[in-house]
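Work through the exercises below with the structure in view. Try each task before reading its solution.

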Number of protein chains: 2
Amino acid sequence: MKYLAYVDVKLRPGISDPEGATIARALPALGFDSVHAVHVGKRFTVELEASDAHAAQALAASLADRLLANTVIEESVIHVTEA
Amino acid sequence: MKYLAYVDVKLRPGISDPEGATIARALPALGFDSVHAVHVGKRFTVELEASDAHAAQALAASLADRLLANTVIEESVIHVTEA
């Protein structure tokens, strides 16, 4: 069966996020006074074939840890849906 | 009230995604034969203050369209949750 796996890769807590901090710092001058913080991550959408949702989740997790995330500084969260 | 807005920015359909295509092309050699395609986008997590969820959604949408996404080639999807 075909599945869509959404792999959200974000920096671990405590790792500095200069891109997010820069965006957040620019916002008050642009009229966005009520934004306190911005964090930037990546979202990978993976189209894959697996026997069931459990296998799809495991495949996406392996892919995330081996290739998509730098696990020293990043963590990933995976959501699988049927395509 | 405090809200967390997740802004997912991805390329519009039809816009080429060389980063995703490169990852997808590399996968068979790494043992991931059952992955058909990979699409790469960004996920911004925005901590903001708003009177209600509707206002938070509107603020995040304005932020996304004005700053986070290049609306010529990208589209954004927003989810708001209470922080």
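Buried means under 20% relative accessible area, exposed means over 50%, and partly exposed lies in between (1.4 Å probe, protein chains only). This is a predicted model: local features need pLDDT of at least 70, side-chain atom pairs count only at pLDDT 80 or more, and totals for chains, interfaces and linings use all residues. Residues are numbered from 1 along each chain as written, chains are lettered from A in the order written, and side-chain values use heavy atoms, without hydrogens and water.

**Exercise 1. Describe the fold and extent of chain A.**

Step 1: count the elements. Chain A has two helices and three strands. Their order from the N terminus is β-α-β-α-β.

Step 2: look at the extent. The C-alpha trace spans about 50 × 25 × 15 Å along its principal axes. The radius of gyration of chain A is 16 Å, whereas a compact globule of 83 residues would have one near 12 Å. This radius is taken over C-alpha atoms, and the globule rule is 2.2 Å times the number of residues to the power 0.38.

Step 3: look at burial. Of the 83 residues in chain A, 39% are buried.

Step 4: look at the contacts. Count those in chain A between residues at least 6 apart in sequence: 74% of them join residues at least 24 apart.

**Exercise 2. Work out how chains A and B are related.**

Step 1: superpose them. A rotation of 180° with 0.0 Å of shift along its axis brings chain A onto chain B, at RMSD 0.0 Å. The two copies are thus related as by a two-fold rotation axis.

Step 2: find the axis. A:K42 comes closest to it among the residues of chain A, with its C-alpha at 2.1 Å.

Step 3: compare the surfaces. The copies meet through the same surface, because 100% of the interface residues of chain A are also interface residues in chain B.

**Exercise 3. Which residues of both chains does A:V46 touch?**

Step 1: list the contacts. Leaving out residues up to four places away in sequence, A:V46 touches A:Y3, A:L4, A:A5, A:V7 and A:L63, and also B:V35, B:A37 and B:V38. A:L4 is 42 residues away along the chain, yet the C-alpha atoms are separated by 5.7 Å.

Step 2: turn to B:T45. This residue lies in strand β2 of chain B. B:T45 is buried at 15% relative accessible area. Its contacts beyond four places in sequence include A:A37, A:V38 and A:H39.

Terms used. Helices (H or I, at least four residues) and strands (E, at least two) are DSSP runs, numbered from the N terminus. Contact means heavy atoms within 4.5 Å. Copies are superposed by least squares on the C-alpha atoms of residues with pLDDT of at least 70 in both.
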